[in-house]
Amino acid sequence: MSTIGYESWAVDLADVGAIYPFQGAEVLMVILGVAFWIGWHRIQFVREAEHLENAKKRAVDHERIQESVERY
């Protein structure tokens, strides 16, 4: 199976050029990688903000906090 179009390596390698798979798809891969990276950060930002908001709401109950501290 050849991903670059060569069935035999018995050629002058100076004329071969790039020998990695998915030649020509570099720009698409970069765009997908950056989109995934930004999306992942957005998801993390939203989830962490929700977690901190829930923690802030729980922190209002001072008796419950005191019970937790005394328990340990």
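This is a predicted model: local features need pLDDT of at least 70, side-chain atom pairs count only at pLDDT 80 or more; totals for chains, interfaces and linings use all residues.
Val16 sits in the segment that comes before helix H1, where helices are DSSP runs of H or I of at least four residues, strands are E runs of at least two, and both are numbered from the N terminus. At 11% relative accessibility Val16 counts as buried, with buried meaning under 20% relative accessible area, exposed over 50%, and partly exposed in between, for a 1.4 Å probe and protein chains only. Residues are numbered from 1 along each chain as its sequence is written, and side-chain values use heavy atoms, with hydrogens and water left out.

From Val16 to Arg64 is 48 residues along the chain, and their C-alpha atoms are separated by 71 Å. The C-alpha trace spans about 80 × 25 × 20 Å along its principal axes. The chain has two helices and zero strands. Its radius of gyration is 27 Å, well over the 11 Å that the globule rule gives for 72 residues, so the chain is more spread out than a compact globule; the radius is taken over C-alpha atoms, and the rule is 2.2 Å times the number of residues to the power 0.38. Buried residues make up 3% of the 72 residues.

Also in the segment before helix H1, which covers 26-58, is Leu13, exposed with a relative accessible area of 54%.

Turning to charge, the structure holds one salt bridge, defined as a side-chain nitrogen of Lys or Arg within 4 Å of a carboxyl oxygen of Asp or Glu. The side chains of Lys56 and Glu53 meet in a salt bridge at 3.8 Å, N to O, and, being three residues apart in helix H1, Lys56 and Glu53 are separated by about one helical turn. Lys56 counts as exposed at 54% relative accessibility, whereas Glu53, at 35%, counts as partly exposed.

Lastly, Glu70, in helix H2 (residues 62-71), is exposed with a relative accessible area of 58%.
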